[in-house]
Amino acid sequence: MIVRKFPTLLLFAGTLATIGGVGFAASDKNTVRVPDGLGFADFKGYESWEVVSVAAVDPTESVMGGDSGTVLNVIMANPTMIEAYKKGVPGNGTKFPDGSKIAKIQWKAAKDADAPFSVNVPNALRNVAFIEKDSKRFEASGGWGYANFNYDAASDSFAPDGKGSDCGFACHSAVEAKDYIFHAYQKR
């Protein structure tokens with residue numbers, strides 16, 4: 001009888017460990033999605049994509065997330081989009097192919113205390129935004145889907161900002177002639 005209870009106890013403990021693992025996995029950024037939209041899992045590996053451009057947002061301008069202060073951006077693209085950029089898209093009058101993806105990482109800026117001159121460097125992570133080209137899925141928003149995730153340092157987690165995959169379309173409509181993409185691939 002004791003022999004039978006021991007494996008049952010192990011099975012119960014294993015089940016609790018599995019349930020606990022599900023809770024841990026839920027805090028994984030790859031499980032976070034914009035309601036009815038894109039998620040981190042759609043952009044796995046973005047951290048190692050090639051840099052397209054960098055930008056510093058003027059603190060007097062309204063920026064995503066609503067706080068003030070200089071924001072530093074790095075804009076990166078997946079290999080599909082980098083290849084298109086290198087072929088001259090969108091400047092050559094063609095559009096980015098389906099499967100093109102961009103990630104924009106934003107940091108609050110801080111003065112580098114060690115530099116012998118005044119220089120802003122990334123400080124606190126602010127948010128991560130994504131854009132994906134799928135002309136059938138996102139037909140109503142120029143073929144692009146958008147997602148923005150605000151970062152909370154206290155919980156070391158991301159939360160979706162907005163709902164649906166068209167949350168960035170209004171802003172990007174200003175560059176419709178450039179296939180809705182603000183940043184050109186910078187010379188290097």
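Six strands form an open sheet in the order S1-S2-S3-S4-S5-S6, with antiparallel pairing. Strand S1 (50-57) and strand S6 (157-160) are the edge strands, each pairing on one side only. On average, neighbouring strands of this sheet are turned by 25° against each other, direction ignored. The model is predicted. This briefing moves from the sheet to one residue of strand S3, Lys101.

**Strands S2 and S3**

- Strand S2 (residues 71-77) runs antiparallel to S3, and 7 bridges join the two.
- Within this pairing, Val71 stands opposite Lys108 in S3.

**The helix on the sheet**

- Helix H2 (residues 79-86) packs on the sheet, where it touches S1, S2, S3 and strand S5 (144-152).
- The direction of helix H2 makes about 85° with that of S1.

- Lys101 is found in strand S3, which covers residues 101-111.
- Lys101 is buried, yet it has no salt bridge.
- The nearest side chain of opposite charge is that of Glu132, 4.3 Å away; a salt bridge requires a side-chain nitrogen of Lys or Arg within 4 Å of a carboxyl oxygen of Asp or Glu.
- The side chain of Lys101 does reach the backbone oxygen of Asp42, at 2.5 Å.
- Leaving aside neighbours within four places in sequence, Lys101 is in contact with Asp42, Phe43, Trp49, Met76, Ala77, Asn78, Met81, Ile131 and Glu132.

Definitions and conventions. Residues are numbered from 1 along each chain as its sequence is written. This is a predicted model: local features need pLDDT of at least 70, side-chain atom pairs count only at pLDDT 80 or more; totals for chains, interfaces and linings use all residues. Side-chain values use heavy atoms; hydrogens and water are left out. Helices (H or I, at least four residues) and strands (E, at least two) are DSSP runs, numbered from the N terminus. Buried means under 20% relative accessible area, exposed over 50%, partly exposed in between (1.4 Å probe, protein chains only). Lys and Arg count as positive and Asp and Glu as negative; His and the chain ends are not counted. A polar contact is a pair of N or O atoms within 3.5 Å; within protein, one must be able to donate a hydrogen and the other to accept it, and residues adjacent in sequence count only if both atoms are side-chain atoms. Contact means heavy atoms within 4.5 Å. Two strands pair if DSSP finds at least two bridges between them. Axes are lines fitted to C-alpha atoms, for helices over the stretch in contact, and angles run from 0 to 180 degrees between N-to-C directions.
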